[in-house]
Amino acid sequence: MMKIICLLLLVSSPLFSQDKAIKKDSISFDSIYTLGMEMIKTKNFKSASLYSDSLLSIPSYSALSNYKQHSKLLWIKVLSQSGQQAYTKSIAVNSDLIQLLRNQKDTLNDFYEGVINEIAFCYFMNGDNDISESYYLLNLEINKLLSGEENKKNSKTLNNLGIVNSRKLEYAKAENFFRKSSVMKKNIYGENSLDFGLSLVRIAMLYDVTQRFSEALELYKTNASILEKIGKTQTDSYAKTLEGIASNLMRMGQFKEAEKYFFKELELYENN
């Protein structure tokens, strides 16, 4: 906290804002931004919010003076509000940030992509599913332009679109997004990866809801096989996969077979 206070006193002094030589030699904006992001990473969200507010009040960091620096300080503010689960406040600040970047035609880069992804998440957390979906779709298009059709970020965005549509009870759309995400994760991470296995579980959970029990069962079994191959059988993920197998066997009337998997799950929890 003392480091933050000293830095704020320095950058808010008349010398800092009036003398460019002193400003350059005293402290770089990169250092200022890095400190703010460190607060976000260490979950000191209230301190980060105070920090960004104090810096945003300095004229040399206004949008007119330097929109790039101003936008990064707004980003710290956005993340600090999201971190405190103040999603409505985060959306308000992020909307200003998006408008600033659009006015400057600075929208084809990783920074803007992250901004769009964050506002999609905040709308989702606020229960505004349609708006969240529209931003995730925009995020998808930005990533395609930046990194091509198939990339790690898009595999996550497709998964998020599946979750949003599951919440909207639009299961056909959700399945389509989950399947696209699954194919992408298989191509990127490999068929025996945690990421690919989890993507199969997402689809299986959707099938649970829509009573497609035999299809769900096969996906849970595939994920169990993946976890066994990579030595992840002493994990909560493996236990929940066993539960998914047992539950679907029970729904299909295969009670004795289901019992074996329930006992296997129980044994796993008892040993851990």
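The legends below describe close-up views of side-chain contacts in a predicted model. Residues are numbered from 1 along each chain as its sequence is written, and side-chain values use heavy atoms, without hydrogens and water. Local features need pLDDT of at least 70 and side-chain atom pairs count only at pLDDT 80 or more, while totals for chains, interfaces and linings use all residues.

**View 1. Trp 75 and Phe 111 form an edge-to-face aromatic pair.** The structure holds five aromatic pairs (rings of Phe, Tyr and Trp, the last by its six-membered ring, with centres within 6.5 Å; planes under 30 degrees apart are stacked, over 60 edge-to-face, the rest tilted). In this pair the centres are 5.9 Å apart, with 75° between the planes. Trp 75 belongs to helix H6 (residues 67–83) and Phe 111 to helix H8 (residues 110–125), so the contact ties together parts 36 residues apart in sequence. Helices are DSSP runs of H or I with at least four residues, numbered from the N terminus. Trp 75 is buried at 10% relative accessibility, whereas Phe 111 is partly exposed at 22% (buried is under 20% relative accessible area, exposed over 50%, partly exposed in between; 1.4 Å probe, protein chains only).

**View 2. Tyr 123 and Tyr 135 form a stacked pair.** The ring centres lie 5.9 Å apart and the planes are at 5°. Tyr 123 is in helix H8 and Tyr 135 in helix H9 (residues 129–147), so the pair ties together parts 12 residues apart in sequence. Tyr 123 is buried, at 14% relative accessibility, and Tyr 135 is buried at 17%.

**View 3. Lys 72 lies over the face of Tyr 33.** The distance to the ring centre is 5.1 Å (the criterion is NZ of Lys or CZ of Arg within 6 Å of the ring centre and within 35 degrees of the ring normal). Tyr 33 also forms one aromatic cluster with Phe 29 and Tyr 61.

**View 4. Asp 106 forms a salt bridge with Lys 68.** The closest N and O atoms are 3.2 Å apart (a salt bridge is a side-chain nitrogen of Lys or Arg within 4 Å of a carboxyl oxygen of Asp or Glu). Asp 106 is in the loop between helix H7 (87–103) and H8, and Lys 68 is in helix H6, 38 residues apart. Asp 106 is buried at 17% relative accessible area; Lys 68 is partly exposed at 46%.

**View 5. Glu 133 forms a salt bridge with Lys 173.** Their closest N and O atoms are 3.0 Å apart. Glu 133 lies in helix H9 and Lys 173 in helix H11 (residues 171–189), 40 residues apart. Glu 133 is buried at 6% relative accessibility, and Lys 173 is partly exposed at 35%.

Note on methods
Helices (H or I, at least four residues) and strands (E, at least two) are DSSP runs, numbered from the N terminus.
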